[in-house]
Amino acid sequence: MNKKLKVGWFSFSCCEDSTILFMELMNDHYEEWLKLVDFKASRILKAKNDETDLDVAFVEGAIASKKDEKKLKELRKNSKKLVAIGSCAVTGMPSAQRNEFDAEKTKEISFLVERFKLAKKVVPLSKIVKVDASVPGCPMDEKVFLKLFNDLMIEFGVKNA
Amino acid sequence: MHNCDITIENISKTEGHAGLDVKVRKGVVKDVRFKILENKRFYTQAIRGKNFLAAPQLMSRICGTCSIAHLLCCIESIENALEVKESEQTKLLKTLAMNGLMIRDHSLHLYMFSLPDVIGKDSILDFDEKNSFEHELLHDCFSVKGAGNNLTKLIAGRSVHAPFPSVGGFNKLPDPKLFPEMVKELKAQREKVLKLIDIYFKCDFDFSRKTNFVAITNKDYDFRQGNLCSSTGVCVPEGKMEDHLEHVVLPYSQASGYKFEGKEFMVGALSRMNLNKQSLNKETKKDVSKYLKKFPSNNIYDNNLAQAIEVLHCIDSSISILESFEPKPEPKPVITPKKSTGIGVIEAPRGTLFYKVELDEKGIIKKGKVVVPTGQNQINIEKDVAVIVQKNLDETKESIQFEIEKLIRAYDPCMSCAAHFLKINWL
């Protein structure tokens, strides 16, 4: 079997719009991707996921809890490259909108923040781990993503330049 | 199993993150907790203080997969508050946008989430290219889903967080020169969808129990207008929905549960088909009469069949509109902000979606309330899981877990929607 790019797709606090867009990009690209990409981990695509030894982790969403922070650090350790996908992962917003709440709104949500052990501030991925590349946009800019995905396939030697 | 605890950390092949805890003692299921694990993003608070014109695009960000439903429902609530009348052309454009959403979103669920359960594979990516049946289904998946995606892109500008629909009409109109090509693409999906309908018709998954089905009903299977009716015979104008809902606090979940008229209930495609199948598109009814006999159905797995039939309805409805429609620029209605309250109710892919907004005299949102389908289905999901675990107690934990996930997937829950804005009043 030819060498494939070992990919994981993950999401944290977000609306998963880029995950949906990724599923839609598959409509036009799945024939090529199924030959060149091993989707080792993608909860939206399969139940049996292997999150270890990834070439690339695509990560959507902002980080809003200690639990998510720990998980993100694990993903970083398990991946050669980590890519921030979409606005929440790249800038924190709009998931980080509660960081900007006034005193009244902050007080209103405080019991929920405590109850679910959420972090005081919602942050983009780069505040927690090294991010190798970013695809901004809400949802992600699909042209930027397609170019990056293609470049990664070439970089990891699964496709010729 | 006499005593056991089953914990599913992260249910796969659904939209968003959810888990489940089941407690079995002395051979009896004692407790089921369907836990929506998405971190709250507090949209109900975030919308406060925003100008009414900015609100729909913000609320669209609640959910990537059904963003069109949030966008249009938020617009409807604001237009009702400000007494903005929708033009006939805008109505048609919104119907097309909703049709595109339903085709794309149902196809994602039917082909990518549920079909692997039917075929006995973990993922659609595992479908065997050398097996002609599986090979065809893999190609059908991306073709049908693609047609829905392209329809919404054509009409609303993008299939996720669509830029064209706004309060008062569409910011940009689609180019009618592109309609014949779209019609051709939609027509090419009919046979594929009929094959999918037949697969779900023949699927022998069964979990039947009586429950109360609730959906918007009308004369043309429209997803946006009509009365809210239940299988117990209650029928109220959609604006009165709130009077019949009871909020139920679920302390372990980052979302809320609901009862309709004091009882657990179900919303979604199965409810719509049970209550309104006679209003489907004529062309659709001609081709699916055999399958429609299954409804009304109490089998939760028929939600998949109902969704598949809805995909065909949306294709036929869109073909019929696009073949005789030429959108033209029209004057936008004059919108005057005023102190007001408005309600929007539409059928999102997973069921009835409710918006209520309160505006001040400058058009600033003072309060927003949103009730999403998955929240309404949550209590039913828990009760059904309890029954399915009880029935399967002699099986292995792995097999019980598979049955639970399969059942939950049939509900097609959307955790992004459910977790991100409901204000919970903890008791």
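1. Ala, Val, Leu, Ile, Met, Phe, Trp, Tyr, Cys and Pro count as nonpolar, Asp, Glu, Lys and Arg as charged, and the others, Gly among them, as polar.

2. Before going further, please keep in mind that this is a predicted model, in which local features need pLDDT of at least 70 and side-chain atom pairs count only at pLDDT 80 or more, while totals for chains, interfaces and linings use all residues. Residues are numbered from 1 along each chain as its sequence is written, and chains are lettered from A and ligands numbered from 1 in the order in which they are written.

3. How do helix 3 and helix 4 of chain B pack? Helix 3 (residues 67–81) and helix 4 of chain B have axes 9 Å apart, at an angle of about 155 degrees. Axes are lines fitted to C-alpha atoms, for helices over the stretch in contact, and angles run from 0 to 180 degrees between N-to-C directions. The two helices are therefore roughly antiparallel to each other; angles under 35 degrees count as roughly parallel, over 145 as roughly antiparallel, 65 to 115 as roughly perpendicular and the rest as oblique. Their crossing is left-handed, meaning that the near helix is turned anticlockwise from the far one by less than a right angle (clockwise would be right-handed).

4. Helix 4 of chain B also packs with helix 5 of chain B: their axes come within 8 Å and cross at roughly 160 degrees. That makes helix 4 of chain B roughly antiparallel to helix 5 of chain B. This crossing is left-handed, and the contact has 17 nonpolar, six polar and three charged residues.

5. Now for the core. Of the 143 residues in the largest nonpolar core, A:Val59, B:Ile68, B:Ala97 and B:Ile197 touch the most other members. Helix 4 of chain B gives the most to this core, with 13 residues. A nonpolar core is a set of buried Ala, Val, Leu, Ile, Met, Phe, Trp, Tyr and Cys residues joined through C-beta atoms within 7 Å. Leaving aside neighbours within four places in sequence, B:Ile68 is in contact with B:Ala97, B:Met98, B:Leu101, B:Thr152, B:Ala156 and B:Ala162.

6. Where the chains meet, the contact takes 33 residues from chain B and 36 residues from chain A. On the side of chain B that touches chain A, helix 5 of chain B gives the largest share, four residues.

7. Is B:His17 buried or exposed? B:His17 is buried, with 22 other C-beta atoms within 10 Å. A residue is buried if 20 or more other C-beta atoms, placed from the backbone, lie within 10 Å of its own, exposed if 12 or fewer, and partly exposed in between. B:His17 lies in the loop between strand 1 (4–8) and strand 2 (18–25) of chain B.

Key
Two residues are in contact if their C-beta atoms, placed from the backbone, lie within 7 Å.
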